[in-house]
Structure formats: C-alpha cells, structure tokens
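Subject: Structure for you to look at

Hello,

I am handing over the structure we spoke about. Please look through it before reading the notes that follow.

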Amino acid sequence: LFQDDTAFGSAVDNVEEWSTGAVNIAIYKGYDGPITGAAAFGNNLFIFKRSSIYRIPPTDSFSTTSVVKNVSTKAGCVAHQTIQEDENGLWFQSEHALQRIAPSAGSTGFSVNNMSRWVKPIFDGQNRTYQNRSFAIYNFDRNEYFFEFATGAKERPSRGLIANMAVDNR
C-alpha cells in the first residue's frame, strides 16, 4: 500500500493487521513527489516516483529499517498501469520514453534502458498532460509489450505501440 511518498506494510504473517507490527517506510520523503507505482521484480520491490526509481532488496522481513536503494534519478514512472514484467526486465513509461529495468553487473545491480528510441517521433506526439492515463500489457506468448497513450489534444489513450521482443531461436 502506498500513499504520497510512504510505503506501508501489514504485520508479518497477518495481512489484516495494520496497527501493531505494521510498517511504514518513507521513500525519499519530500523528493520528487509521491510514489507513482511499484512492482516486484528480481526478488526486489521497485518503487517509482515521477523522475526516480528506488528498490528495496530482499530481506527476511519488511521493516522500517529496510534499506532503500536508488536505481535512477533520471527516469521514473508517470503511469503505474504501464509497469509490466517480461522474461528479463520490467517495462514502464517515463516522461520521455518507454524504459526497461534489467539486471546488470553495475553497482545498483540493475540498469534502466530506453526502449523507444526507434519510435521516438511517434512517442513524442503524446499528450504529456495526460501521460498518467497511459496503460500497457505484456503478452508472454508473443513476447510483446502493448502500450497505449493519448496524443495531440486527446485526453484518453488514442494511439498504440507494440514492442516485439521475440528472438529467433533457430
């Protein structure tokens, strides 16, 4: 559960207990606005703000002493409905591109990659006022990320992109 820039967790082994034993963790309180999305991937909990991404690595228990690590201060998620997992990463919409978090050998253990550079002219036509209304799904059978977004003066998603990640394994 998330509110503003705080992540909340119920008591351990009791999803109905939100007072005694419950947890709340401020995610860089006062920086980059409220939490815009979250997803579990690679045994980590990724927490998105508009222009930044954080992760809580695996621990025995989620507590107020859980370590919050910075993944990116250059990209965040503007529409939680666009966060989708594929076989090797976690897709999402940032302010300027479709991005994907993937495991890496770097210091954070994950990298954030721009996945929309080839369709930038189409992506640039989006209505930035209504970016938070974008949505996506990931089709595992076809290995495709389907993304819908508003364009021009439209308030609702009106254009779609399909990112086909299939690899010829012959």
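Which residue in strand 5 stands opposite Ile35? Lys49 does. Please bear in mind throughout that this is a predicted model.

Strand 4 (35-41) and strand 5 (44-49) pair in the antiparallel sense, over 6 bridges. They belong to an open sheet of 4 strands, whose order is 4-5-6-7 and whose pairing is antiparallel. Strand 4 and strand 7 (69-72) are the edge strands, each of them pairing on one side only. From one strand to the next, the twist averages 25°.

The nonpolar cores

The largest nonpolar core is made up of 12 residues, including Ala39, Phe41, Phe46, Phe48, Leu90 and Phe92. Two or more of its residues come from each of strand 4, strand 5 and strand 9 (90-93). Phe110 is also one of the residues of this core. Setting aside residues up to four places away in sequence, Phe110 touches Phe41, Phe46, Val71 and Ile101, among others. The list of residues that Phe110 touches also includes Gly42, Asn44, Arg55 and Ser104. Another core, of 10 residues, lies apart from the largest one; among them are Phe123, Phe147, Leu161 and Ala163.

The salt bridges

Side chains of opposite charge can pair when their charged atoms come close. The count here comes to 7 salt bridges.

One of them joins the side chains of Arg50 and Glu95, at 2.9 Å from N to O. This pair links distant parts of the chain, 45 residues apart: Arg50 is in the loop between strand 5 and strand 6 (52-56), and Glu95 is in the loop between strand 9 and strand 10 (98-103). Arg50 has a relative accessible area of 33% and is partly exposed. Glu95 also counts as partly exposed, at 24% relative accessibility.

Arg100 forms a salt bridge with Asp86, and their closest N and O atoms are 2.9 Å apart. Because Arg100 lies in strand 10 and Asp86 in the loop between strand 8 (84-85) and strand 9, this pair ties together parts that are 14 residues apart in sequence. Are these two side chains' residues buried or exposed? Arg100 counts as buried, at 12% relative accessibility, and Asp86 is buried with a relative accessible area of 3%.

Between Arg133 and Glu155 there is a salt bridge whose closest N and O atoms are 3.6 Å apart. Arg133 lies in the loop between helix 1 (120-123) and strand 12, and Glu155 in the loop between strand 13 and strand 14 (159-164), so parts that are 22 residues apart in sequence are tied together. Arg133 is partly exposed, with a relative accessible area of 28%, and Glu155 is partly exposed at 40%.

There is also a network of salt bridges, which links Lys120, Asp124 and Arg128.

A loop residue

Where is Asn143? Asn143 sits in the loop between strand 12 (135-139) and strand 13 (144-149). Why does Asn143 count as buried? The relative accessible area of Asn143 is 15%, and buried means under 20%. Leaving aside neighbours within four places in sequence, Asn143 is in contact with Glu87, Tyr138, Ala163, Asn164, Met165 and Ala166.

Regards

Technical notes
Residues are numbered from 1 along each chain as its sequence is written. This is a predicted model: local features need pLDDT of at least 70, side-chain atom pairs count only at pLDDT 80 or more; totals for chains, interfaces and linings use all residues. Side-chain values use heavy atoms; hydrogens and water are left out. Buried means under 20% relative accessible area, exposed over 50%, partly exposed in between (1.4 Å probe, protein chains only). Contact means heavy atoms within 4.5 Å. A nonpolar core is a set of buried Ala, Val, Leu, Ile, Met, Phe, Trp, Tyr and Cys residues joined through side-chain atoms within 4.5 Å. A salt bridge is a side-chain nitrogen of Lys or Arg within 4 Å of a carboxyl oxygen of Asp or Glu. Two strands pair if DSSP finds at least two bridges between them. Axes are lines fitted to C-alpha atoms, for helices over the stretch in contact, and angles run from 0 to 180 degrees between N-to-C directions.
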